[in-house]
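Colleague: Hi, could you walk me through this one? I'd like to start with a loop and then go inside.

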Amino acid sequence: MTADVREREAEKSIAAVLRESGAAFWTRDPATLHLKYVNEGIEDVLGYPSRRFIEDRNFWEGLIAPHERSVTIDRLRELLRHGRTGSVDYSAIHADGSQVFLVDSVVAFGAGGIVAGVTALANHERLAVSANVATRQTSARKDAEELQRRQSQKMEAVGRLAAGIAHDFNNILTVITSYSQLLLSRFPPDDPGRADLYEIRKAADRAVAMVRQLLTFSHRSQGEQKIIDMTAALLETQNMLQHTVGCQIEIVVLVEPDAACCLADRAQLDQVLLNLALNARDAMPNGGTLSFELGTTVVDEAFARSYLDPDIVPGEYITLSVGDTGQGMDSRTRDRLFEPFFTTKGPGKGKGLGLSTVYGIIKQHGGAITLLSDVGRGTTFRIYLPWTSHPSHELIVSPGLPS
Ligand SMILES: Nc1ncnc2c1ncn2[C@@H]1O[C@H](COP(=O)(O)OP(=O)(O)OP(=O)(O)O)[C@@H](O)[C@H]1O
Ligand SMILES: [Mg+2]
């Protein structure tokens, strides 16, 4: 066997391995970044045949999520200009309409030389699925959709029940608080009955606070929404959060250089951050890291239906990921944690109202919340809030939903 033949055999083997892996192999013009060659692996990754990418030089760029487009291309250029090896990750829209997370590994042989690379799915689950058959992919998505639909219906039913109970309780509590207040004003300051009456009043106040949380869960609490710069809000809250979780836990805040704004009620947003931080603190009794990471993403209909919430309107979203290195959760807890009064913390320690309040607030803002958690492997909540473009802090846009 000649060296030439051996080399071609080796090339074929490499191509076969890459084909099997479900990744795409390509070469580009280092000056223009245009694709010169891409193998069939691209169909597994983005769902389109390779010729589409060669025929239309801008086709690939057009699939990159709009808000990531320029930064992704700049990063690729930067690598290529200096003939460096490296990787760039970004999200793109698959032919089936779903969002895929990709990683491009680039090898550039000197400035002006050959530029080659591999594009693969960053999400391993998806990689495994796409390396198999397309029908499996469709059925996996359908299962996810069905699960999401059922979860959403369950929360809707629990929300209605909670709203009904909270509403009736609110009326009863109004009677208790106003009559106990009236009686308190009639008792002379040294009357021994006054202390007892005061206890009744205090208990009623606590019940009012609980009912308010339930109303928030069922999206019926009042709120004043303004345009909020999330980066600034997060940095402002950092001290308060550090104080809450204590010095054993290190807080890390990662924000994008561009301000990410959304329409939100600032007080409710702080309540979300506080509840998540308190849970993280409880999950890390021996200390650890609590991270807040802000980013932006595009949510399409298929992604919303399968992974977020069928009620979500497709478009650009701010993402806030809150991660801890704590004890994590098992599947039983994961399935129920947004339900009001679900707690694993034991009597007197938790009421199980923290996350249901968070859920209600996020829903009320037209957003969604997801989580990634496993026993012993920490927990990351990811919040999606509709992105808005006006960085004005003063503008009052809507008074929120009526109760
Ligand atoms: N970061 C986390 N790590 C591990 N488990 C968590 C985390 N966050 C929530 N959980 C689990 O979810 C349950 C529900 O949380 P939620 O905040 O609603 O209630 P709680 O913390 O138990 O009580 P409350 O917030 O009313 O004081 C918790 O009891 C806990 O089991
Ligand atoms: Mg809690």
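Modeller: Happy to! Let's start at Phe341, which sits in the loop between helix 12 (331-336) and helix 13; helices (H or I, at least four residues) and strands (E, at least two) are DSSP runs, numbered from the N terminus. This is a predicted model, where local features need pLDDT of at least 70, side-chain atom pairs count only at pLDDT 80 or more, and totals for chains, interfaces and linings use all residues. Residues are numbered from 1 along each chain as its sequence is written, chains are lettered from A and ligands numbered from 1 in the order in which they are written, and side-chain values use heavy atoms, with hydrogens and water left out.

Colleague: What is phi of Phe341 near?

Modeller: Phi of Phe341 is near 70 degrees, a positive value in a residue other than glycine. Phe341 counts as partly exposed because its relative accessibility is 44%; buried means under 20% relative accessible area, exposed over 50%, and partly exposed in between (1.4 Å probe, protein chains only).

Colleague: And helix 13, how many of its residues are buried?

Modeller: 11 of the 11 residues of helix 13 (residues 354-364) are buried, so the rest of the structure largely encloses it. Among the buried ones are Tyr359, Lys363 and Gln364.

Colleague: What follows helix 13?

Modeller: Gly366 follows helix 13, and its phi is positive, near 75 degrees.

Colleague: Which residue is 6.7 Å from Ile361, C-alpha to C-alpha?

Modeller: That's Gln268, 93 residues apart from Ile361 in sequence. Gln268 belongs to helix 10, and it counts as buried because its relative accessibility is 6%.

Colleague: How do helix 9 and helix 10 cross?

Modeller: Their axes come within 10 Å and cross at roughly 40 degrees; axes are lines fitted to C-alpha atoms, for helices over the stretch in contact, and angles run from 0 to 180 degrees between N-to-C directions. Helix 9 and helix 10 are therefore oblique to each other (under 35 degrees counts as roughly parallel, over 145 as roughly antiparallel, 65 to 115 as roughly perpendicular and the rest as oblique).

Colleague: What is the volume of the second largest cavity?

Modeller: About 60 Å³, where a volume is the space filled by probe spheres set on the points, and grid points are joined across faces, edges and corners. Its lining includes Met230, Leu269 and Ile362. Helix 9 (230-245), helix 10 (266-283) and strand 12 (379-388) each give two or more residues to the lining of the second largest cavity.

Colleague: And the second largest pocket, what lines it?

Modeller: The second largest pocket, of about 760 Å³, is lined by 32 residues, with Asn279, Asp282, Thr343, Lys345 and Leu355 nearest its centre. Helix 10 supplies the largest share of that lining, eight residues.

Key. On a 1 Å grid over the protein atoms alone, a cavity is a set of points where a 1.4 Å probe fits but cannot get out, and a pocket is an open set with protein on both sides within 12 Å along at least five of seven lines; lining residues have an atom within 4 Å of a point.
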